[in-house]
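Colleague: I'm new to reading protein models, and I'd like to go through one with you. Could you take me through its features step by step?

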Amino acid sequence: MNGSDGRLPAHGLERGAPCDVEVDGVAIRAFEGETVAAALLAAGVRAFRTTAKRAEPRGFFCGIGICHECLVVVDGRPSVRSCLENVRSGMRIRTQRGWFSKAEPASGAD
Amino acid sequence: MVLESRTCVRGRLNTRRVRELVVVGGGPAGLAATIEARRSGLGVTLIDERPSLGGQIFRQPPAGMRQDPTYRTDRYHRPGCSLISAAEASGAEILTGTAVWGLWDRKVAICREPNDAGLLEATQVILAAGAYDRPVVFPGWTLPGVMTAGGIHTLMKTQRIAPGRRILIAGSGPLLLMFAAQLIRHGAPVSAVLEASPRPGLRAFSRLVGAAWGNLAVLRDGLGYLAELSRRGVPPLYSHVVVRAEGAGQVERAIVARVDGRWRPVPGTERALEVDTVALGYGLFPSVELALLSGCTVRYAEDLGGHVPVRDAWMRTTVRGVLAAGDGCGVGGSEAAEAEGRLAGITASLDAGRITAVEADRRAAPFRARLRQLGRLRAALTAIYRVGSGIYDLVTPETIVCRCEEVSAAAILAAVRTGSDDPNVVKGLTRAGMGLCQGKECSRQVAALRARHRGVGVGEVPLLTPRSPVRPVRIGAIAEDRSDDATADVTG
Amino acid sequence: MPPPTSPVDGPAAVSDPQLTAARESSGLAAGRDTDVLVIGGGVLGAAAAYYLAREGITTVLTERGELNREASGTNAGSLHFQVLRQPDYERERLDRIRPALPLYGESVRLWRSLELELGADLELHQNGGLMVAQTTEELEMLQRKAKLEREMGLSTHVLSRNDALVLCSHLADSVVAADYCPDEGSANPFLVTPAFAKAAEHAGATVRTRTAVSAIERGPRGGFVAHTSTGLIRARRIVNAAGAWCADVAAMVGIDLPVSSRPIQVNVTEPWAPLLGQMLQHVRRRLTLKQTPVGTFLLGGGWPAGPVVRGDRHQTTWEGMNANAWVAASVLPLLADLRIVRTWAGLIPITPHSMVPIVGECPGVPGFYVVASGVGFSLGPLLGRLLAELLSGRDPSFALHAFRPAGATG
């Protein structure tokens with residue numbers, strides 16, 4: 001593995017251009033063509049959200065968009081399946097707590 | 001190669017035209033069906049929810065990444081690319097990024113987020129919806145770090161990302177070997193590989209030899225995977241399963257145990273493995289939601305992954321005009337899926353009167369022969385990797401079974417014990433199955449709990465009422481003004 | 001309000017198997033010889049059984065399938081206390097429903113005390129209902145409606161757009177006014193009938209599920225013998241609470257009841273942050289819209305479901321989803337971003353006038369009572385109570401002669 005990053009040697013797959021992406025206010029490495037889930041996992045972020053009733057952490061599970069566990073808030077949009085959403089430069093990702101409304105508080109406090 | 005997906009906007013898509021054939025699913029079965037049907041001149045609309053064709057096994061790298069066309073990720077890459085090219089060149093109408101969420105009498109409900117939806121009327125439909133990873137329920141399975149082997153495999157294959165530093169892969173069957181070996185080849189840090197079934201003995205090998213005709217490449221691959229695992233110090237640990245995942249907020253260790261021939265943990269054999277990722281590779285469940293919605297008769301076959309549509313030798317289901325092919329009818333691998341897809345495309349052509357019965361037989365013959373060969377291999381593998389009933393008995397009362405609605409096994413059992421046979425009652429009382437995954441991850445385990453209570457097999461308890469949408473659909477996409485219906489009155 | 005059972009671990013059980021088993025083993029006549037036999041395990045039947053048992057009347061409740069699987073368990077949980085959407089609000093039509101309106105006022109009060117009475121969490125919310133208008137014509141309809149409601153003592157009033165926005169800030173720009181009923185709201189249909197059934201058993205009633213009545217013999221000197229799939233039941237009196245199948249059961253004693261049924265569909269969204277506290281309706285279009293305690297939105301309004309395809313359940317349809325979605329999003333535009341995750345269908349009974357129930361003894365067949373309603377979920381508890389008052393020989397607290405079944409005997 002390359003250093004502390006979950007990215008492996010590319011072996012025939014050329015990554016896209018680097019992207020500026022932040023998670024809960026912190027910048028992480030990302031490349032065009034990666035899904036949000038992949039970028040999060042590569043950065044060592046594995047708890048993508050906490051559940052509504054028991055506030056338990058959940059993350060990437062099925063990888064194909066059916067389990068709806070990998071949900072994060074993307075640019076203010078809640079319940080986005082990170083395994084299907086591609087990163088974009090300037091994207092602001094937040095780990096999701098329960099179910100959010102569209103009008104998110106700017107401070108990040110809930 | 002980076003494939004462009006065809007765009008389709010409601011304004012341009014003519015939903016009024018009746019399609020001769022709609023193929024749901026762009027994996028090997030759907031691609032093959034499209035090619036064969038187009039060969040007969042049948043009008044075909046091929047629909048897939050992903051941005052590019054190929055399904056899971058032929059999954060293409062995302063736009064933005066470039067794949068070196070000379071690099072072979074695996075044995076499936078080139079045949080996959082050639083099937084995709086042939087389908088694209090066939091003249092079929094191809095709708096990617098488009099989910100099929102309902103099916104009524106061959107009227108196919110589609111949705112392309114964010115704002116497009118429509119109803120396509122078809123004379124015939126081929127369901128080739130594929131399969132998804134079998135969810136296995138045990139304490140701690142909801143912890144971040146527990147994921148499906150298919151999910152990890154896709155991360156690796158299309159994005160070269162490893163989700164952890166010490167990966168345990170637990171499961172069973174030939175796919176387990178393939179996933180594990182490919183992960184290792186790409187440099188993923190695999191700590192251990194667990195196979196639930198016992199080490200194949202002489203009888204198993206002789207069965208495999210007996211099935212070798214036409215299947216040498218697959219067998220060679222399998223041996224290659226085994227050798228790779230051995231070489232890297234992670235040979236499969238036979239007769240072992242994960243019984244628990246533990247950690248504060250994410251996986252920090254996995255508790256594994258030896259199992260008997262029915263995959264039931266042997267008391268006193270538990271031990272802890274310090275891993276941060278658990279990949280579940282216990283095979284696949286066929287996606288049968290659309291088949292059930294349309295009223296197809298199904299039967300239960302554990303080793304095919306569960307309920308599968310009953311079909312005749314020509315891939316026809318029990319519903320007129322609805323055919324089905326591929327892993328969505330019982331997991332058999334991509335080659336079988338392709339062969340079945342070819343048969344389905346030929347049958348659709350025959351049933352549409354485009355080819356004669358004689359020509360249909362002629363075109364079908366090589367694919368039938370291939371299916372027979374593959375069938376022998378599948379029978380041999382099933383004997384080795386038979387799914388043990390213990391797979392459903394790893395839950396404890398506190399285990400969360402319905403992940404979406406956070407419903408424990410204890411709550412489900414309390415509802416089961418009210419004595420009702422009706423699965424909808426258990427669902428109504430506990431909310432298990434009401435969440436965003438629409439029961440895909442929990443309903444088999446709930447059925448197993450009901451079956452255990454009644455003392456019958458998992459496949460013998462009644463199914464939940466099939467309902468559309470089979471995918472969540474955005475209101476903004478499907479909302480349609482039907483003012484007359486909206487103001488209609490029934491009585492005073 | 002009693003402490004709710006943990007939503008994580010599921011609500012009250014359908015009925016108490018231990019009680020039933022104890023009762024069944026206590027005597028050969030237990031559940032076989034009764035004063036009143038209630039046929040139908042929905043909210044009307046279960047409520048009737050509860051109130052009857054509370055009066056000390058020996059009661060058996062039979063249900064041919066599982067409790068609460070038909071209209072009572074498949075509706076959208078709306079509590080309707082204002083006058084429903086009508087094709088028009090002409091006087092003649094309104095005069096027909098006038099006698100029933102006091103029932104709704106009393107139902108409001110009964111619902112408010114129900115959780116305490118039954119000792120169960122029903123997820124009851126009575127935070128108000130808004131029936132909206134989007135055009136001047138619709139506003140006039142609202143005003144005619146509100147006038148009648150005031151005459152009848154229902155506490156509704158027409159709010160201006162600005163006032164409506166104070167209650168629900170997410171209403172669409174096109175909403176010009178709303179008829180506000182402060183007592184409207186919702187409860188969870190999965191919980192209400194089971195709570196009544198459990199309370200009925202604790203009060204002494206016998207509940208028999210998977211017991212289908214196939215024939216009813218009338219005794220020479222009164223009384224009835226019901227032939228069921230689990231044996232005979234002798235009853236002095238019968239309450240027909242069979243919902244969509246009322247007419248079938250009435251036909252067993254030669255009565256022609258004007259109760260039919262139609263399949264309806266409900267749509268549910270993904271969970272969202274709490275944004276809607278009221279139940280929304282539309283004065284002219286089919287719509288009920290509410291947000292549940294878990295955050296999902298229920299879209300209903302009586303949209304027709306499709307035919308039966310598999311088993312005995314009606315299909316939910318493309319039209320039932322997309323048209324319902326359109327009306328809902330036209331009133332609450334934020335819904336456009338939400339996804340529909342589930343749909344279901346059920347059969348609801350239709351009486352000649354939707355707001356007017358049928359309650360009372362059938363002429364020509366003494367001892368045979370009927371209770372039926374097209375708004376059964378809202379009125380169910382009260383109708384059950386009134387029936388029990390009637391059968392206990394007291395003067396019921398409401399005049400019921402306007403609701404007597406008028407069916408002729410054959």
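Colleague: Let's start with one residue: which residue stands opposite Val473(B) in S18(C)?

Modeller: Val473(B) stands opposite Ile340(C) there. Before going on, note that this is a predicted model, where local features need pLDDT of at least 70, side-chain atom pairs count only at pLDDT 80 or more, and totals for chains, interfaces and linings use all residues. Residues are numbered from 1 along each chain as its sequence is written, chains are lettered from A and ligands numbered from 1 in the order in which they are written, and side-chain values use heavy atoms, leaving out hydrogens and water.

Colleague: And what is the bridge partner of Arg474(B) in S18(C)?

Modeller: Arg339(C) is the bridge partner of Arg474(B). Strands are DSSP runs of E with at least two residues, helices are runs of H or I with at least four, and both are numbered from the N terminus. Two strands pair if DSSP finds at least two bridges between them. Here, 2 bridges join S23(B) to S18(C), residues 339-350, and the two strands run antiparallel.

Colleague: What is the strand order in the open sheet of 9 strands?

Modeller: Read it as S23(B)-S18(C)-S12(C)-S15(C)-S14(C)-S13(C)-S4(C)-S6(C)-S5(C), with mixed pairing. The edge strands, each pairing on one side only, are S23 of chain B and S5 (157-160) of chain C.

Colleague: How many residues does each chain bring to the contact between B and C?

Modeller: Contact means heavy atoms within 4.5 Å. Chain B gives 60 residues and chain C gives 59 residues. Buried area is the accessible area (1.4 Å probe) that two parts lose on being put together, summed over both. For this pair of chains that is about 4800 Å², with 59% of it on carbon and sulfur atoms.

Colleague: How many salt bridges cross that interface?

Modeller: A salt bridge is a side-chain nitrogen of Lys or Arg within 4 Å of a carboxyl oxygen of Asp or Glu. The rule finds 2 across the interface of chain B and chain C. In one salt bridge, Arg69(C) meets Asp422(B) at 2.7 Å, N to O. On the side of chain B that touches chain C, several elements each supply at least two residues, among them strand S7 (116-127) and helix H11 (423-430). The largest share, 5 residues, comes from H11(B).

Colleague: How do I read an aromatic pair?

Modeller: A pair of aromatic rings is described by the distance of the centres and the angle of the planes. Rings of Phe, Tyr and Trp (its six-membered ring) pair if their centres lie within 6.5 Å; planes under 30 degrees apart count as stacked, over 60 as edge-to-face and the rest as tilted. This structure holds 10 such pairs over all chains. Tyr132(B) and Phe285(B) are edge-to-face, 5.9 Å centre to centre with 80° between the planes. Tyr132(B) lies in strand S8 and Phe285(B) in strand S17 of chain B, so the pair ties together parts that are 153 residues apart in sequence.

Colleague: What about the backbone?

Modeller: Most residues other than glycine have a negative phi, and most peptide bonds are trans. Asp105(B), however, has a positive phi near 50°. Asp105(B) sits in the loop between S5 and S6 of chain B. The peptide bond from Glu113(B) to Pro114(B) is cis, with omega near 5°.
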